[in-house]
Amino acid sequence: MSQPTHDRLSLRAHATAEPAVRLAASVVFNLSGYTVHDAVDRPLDGRRVVVAADATEEACPGCGVFSSRVHQRVRQSVKDIPVGGTCLEVIVVKPRFVCAETACPRRTFTQATEQLPARARCTTRLKEAVVAAVLDSGRATAEVAADHGVAWGTVNTAVLDQSLELPAVDQVPVRALGIDEHRFATAKWFKNPDTAVWCRVEPWMSTFVDANTGHVLGVVDGRSSRNVTAWLRARSQAWLDRLEVVAIDPSATFRNAIRQVLPAVDISVDHFHLVKLGNQMLTDVRQRAIREVLGRRGRKQDAVWAHRMLLLRAGDRLTEAGLHRLGKVLDEPAYEQVASAWAVKEHLRKILNAPSIAKAQNARIGFELAVAAADLPEADRLSLTVANWWVEIKVFIRTRVTNARTEAANTAIKQIKRTGRGYRNQTNYQSRILGRSFRRTRRRSQIHPRAGLHAQV
């Protein structure tokens, strides 16, 4: 709270403009618009610095009329960035002016600067420092608050205020959109009061990301079709018209939601998850074959188990030594099913690596022949999945739009959750997700820090 200064404190008159030569202490302290008058060590810890405002006139915030008549000088205690590894208390001596406009209901007012706004308890550079520590460096809020000598709520409020300066989603031109889900918190069990049955609940969130830049545009609760369609319908028609491709995982829920709002937009399925399905098919066949042949799980002495990771690697990227070891595994008569499943997996990779749709069609013929020759239920299920997502696969082959940026954003989101030891308040969680993503995207693309208006969470 501002308090009048003592009569014994005498201050020099300062010009409104910055003086040509500043005192050494003022240069080191580097608080624009203020001059250092005193600096002492506090008895217990830290330092106290007394600064005085340089301006001799100020505009009234009520009517805008400039006034140079000083009613009194007040002292205000604020927090600043640590100096020399210790916390710093700044005593600001600033004038309280009398409004020159007699009709203005505001009789007096104090000076406000960029670093010290009205009623500020912290300098602007301190808030910027704590926000950068939380969002850019990924540090925990409690750790940043302890290092800067402020309360946890002060740091959290600064981060929440930062989210209000993010650009609006409708102002971000997006050509390719990525949608993915992640689990917000650990699974919990609830007992239904009506049926007395325990139900497992997994809190999920859906993330919307610019597939080209990795900028997280929005986060909504759940992963249902209703929540996805609600977020898309909240966008402007001009923003929706700019969309060309939407990249998703093989999720029928997301595909149905997109088709409801954007029937003309192309949907690209992420090839990484299709390859993962192929690898999972091969793993299931290998585990079943080992149990049928040996009557137990695989062990170190079993070649097909010892080279299980070699089976999952891309066949065209193996070295000669790797191909030699892989050949020994696939040539064993007892594990003919594993060799057939490996051939199906490799034909699936040929489809996804095809440079054109025509070559992908030819590769699919070889894939279907390999599935028919294998005669495995796991391979049949994989073939059915490829058939159900063939239209989206062709979009991927033509556009090469993937969900890689979305998956990278989810990795950063999980790191935020680990740093914070989980979040109970979803507003705090979402503010850190959106703020960290925007600041990282801005550093990559050199977006002006004040670009945009507000974020839509």
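Colleague: What share of the contacts in the protein chain with a separation of 6 or more comes from residues 24 or more positions apart?

Modeller: Contact means heavy atoms within 4.5 Å. Take the contacts with a separation of 6 or more in the protein chain. Residues 24 or more positions apart account for 63%.

Colleague: What should I know about the source?

Modeller: This is a predicted model, where local features need pLDDT of at least 70, side-chain atom pairs count only at pLDDT 80 or more, and totals for chains, interfaces and linings use all residues. Residues are numbered from 1 along each chain as its sequence is written, and side-chain values use heavy atoms, with hydrogens and water left out.

Colleague: How many salt bridges does the structure hold?

Modeller: A salt bridge needs a side-chain nitrogen of Lys or Arg within 4 Å of a carboxyl oxygen of Asp or Glu. Asp316, Lys345, Glu346 and Arg349 are linked in a network of them. The structure's count is 18.

Colleague: Which residue meets glutamate 89 in a salt bridge?

Modeller: The N to O distance is 3.2 Å, and the partner is arginine 42. The pair links distant parts of the chain, 47 residues apart: glutamate 89 sits in strand E7 (residues 86-98), and the loop between strand E2 (34-41) and strand E3 (47-53) holds arginine 42.

Colleague: Is arginine 235 buried or exposed?

Modeller: Arginine 235 forms a salt bridge with aspartate 170, with the closest N and O atoms 3.2 Å apart. Buried means under 20% relative accessible area, exposed over 50%, partly exposed in between (1.4 Å probe, protein chains only). Aspartate 170, at 23%, is partly exposed. At 6% relative accessibility, arginine 235 is buried.

Colleague: Which residue forms a salt bridge with arginine 139?

Modeller: Arginine 139 is partly exposed at 26% relative accessibility. The closest N and O atoms of the pair are 3.4 Å apart, and the partner is glutamate 143.

Terms used
Helix = DSSP H or I, 4+ residues; strand = E, 2+ residues; numbered from the N terminus.
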